[in-house]
Amino acid sequence: MTLTPRQTILLCLALSLCALLVVPGSFPGLSGDARLTLAVFALATCAWIGTPIDDTYIALGAGLALTATGVISSDTLFGTLGDETVWLLICAFVLAAAVARSGLAGRAAAFLVSGARSVRQLTHLTTAALVVTAFAVPATSGRAALALPVFLALAQVLADRKRLVVMLALLFPTVILLSAVATLIGAGAHLITVSVLWEATGDRIGFTQWLLLGLPLAMASSHLAAEAVLWTTTRRADRTGPVHITVEQIQEHSEHPVTGPWEPAETRCALLLATVVALWCSEPLHQVPPAVVALIGAVVASSPALGTVRLKDALRTVPWALLLFMAATMAMGVALADSGAAKWLVSGLPVDLPPGLFLAAVVAISTAAHLVLQSRSARSSVLVPLVVAAAVGAGVNPVAAALASTAAAGFCHTLPASAKPVTLFAEIPGTPTYTPRDLLRLSAVLAPLTAALVLLFALAVWPLLGVPVVR
């Protein structure tokens, strides 16, 4: 394999750091385990940034290297697969498969979108519908796949208004990515953040607390982004024209009925989903962990009598590669914390920064991180352990810092390859969609807006909801 100049530079930097770590007199204060951890961490990060090798393969290799060298035990490595956040995601995908099979998504979309009478109404009703899907479908790529048929139906109805179709093509992935912060299961990066916080500080963020903190931010950022998409991709004449989308037009492009009496499978699935979400939100009352609630829901959703999907079919939709990636990066996080490597990495940073300035730096770095690390989960795996360690040293609440970093990392719209939903909607045969120039124009406006909004929530809103800036 021939290395590109960028890959060569990254490899040289990583190998140079590893060589320095081997020298006994260098980096005083670092234990042997910390040196090994930093070497593995540096090589994995460079591989994530500069090589086409699968992210999961790199993470598994890093976890195996840390285990083989004795930095972490095999029980730690394999135990991460049994973490309740992993089970939560597995069961959430089973529930999502049941929702997709029942046809509820198309019926809900038709109910919302058919009420639009103007372009702005269509934009914000679509945004509201996409925000709601964060409660039913885990992971942004799964939501994008579920929303694609809805977009294609709208594109066919609006075929004579090309700019509106392009606007919707950009709106769908933008809202899907920014609204993921609404729920704990919205992205694998959220589960990584929760696990890192638990391992490093003992703070546990449950489904209800994440919902309380994330949903207002998701709604505000999504509708703000909707306006940004509308203004950067359409002209005044495009926005002033009337819109009239009928249920019959949407039905032409849907496999399931979108109007009329509900089928028994739809009713059962809707009741099950409502029950699961209600139990997640009321966790402080009944004390049943979200993973157990999700497992109960998955068993019912795939049961022969009450379910709408067979278990083996639902399990095929689970992103096993993502789960292995999460498990391996959790092990890397444990190694960074337990070996003292994370604490050493941030020990040279200035700790006398005002809390607001510290959080501003965290948000800025996390917002820009998608330019070098395309995987959202990889960004959290690299950034959150360091952010948590730095926050502790600076006297900032690590929960606030970790949440701000994870929320800011949800912005990844600059390039078509920056996120899977952006890639999915960038190339749709037979349908006009956005260009890289459209993405850059939106990114120039949306990046500072979303960063400022996250910082505003971290400094002014989340303290009112129980997450102070300092402890």
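How far does helix H10 (residues 188–201) reach from its first C-alpha to its last? In this predicted model, the 14 residues of H10 reach 20 Å, which is close to the 20 Å expected at 1.5 Å a residue.

**Helix H10 and its surroundings**
- Because 10 of its 14 residues are buried, H10 is largely enclosed by the rest of the structure.
- The buried residues of H10 are Gly188, Ala189, His190, Leu191, Ile192, Thr193, Val194, Ser195, Val196 and Leu197, and the elements they pack against are H5, helix H11 (207–233), helix H18 (320–338), helix H21 (376–394) and helix H22 (398–408).
- Just after H10, Gly202 adopts a positive phi of about 85°.

**Nonpolar cores**
- The largest nonpolar core has 106 residues, and the members that touch the most others are Trp48, Leu88, Leu217, Trp280, Met326, Phe358 and Trp462.
- Helix H5 (residues 84–102) supplies the largest share of this core, namely 13 residues.
- Apart from this core lies another one, of 42 residues, which includes Phe151, Leu168, Leu170 and Phe411.
- Leaving aside residues up to four places away in sequence, Met326 is in contact with Thr85, Val86, Leu89, Gly188, Leu191 and Ile192.

**Nonpolar surface patch**
- Leu60, Leu81 and Leu324 together make a nonpolar surface patch of about 220 Å².
- Leu60, which is placed in helix H3 (residues 55–68), counts as partly exposed because its relative accessible area is 39%, a value in between the limits of under 20% for buried and over 50% for exposed.

Methods. Residues numbered from 1 in each chain as written. Predicted model: local features only at pLDDT ≥ 70, side-chain atom pairs only at ≥ 80, totals over all residues. Heavy atoms only, no water. Core = buried A, V, L, I, M, F, W, Y, C linked by side-chain atoms within 4.5 Å. Buried < 20%, exposed > 50% of the residue type's maximum accessible area, 1.4 Å probe, protein only. Helix = DSSP H or I, 4+ residues; strand = E, 2+ residues; numbered from the N terminus. Contact = heavy atoms within 4.5 Å. Patch = residues over 30% accessible without salt bridge, like charges linked within 9 Å, V, L, I, M, F, W, Y side chains within 5 Å. Areas by Shrake-Rupley, 256 points an atom, 1.4 Å probe, with all protein chains shown as cover. Salt bridge = Lys/Arg side-chain N within 4 Å of Asp/Glu carboxyl O. Expected span 1.5 Å × (residues − 1).
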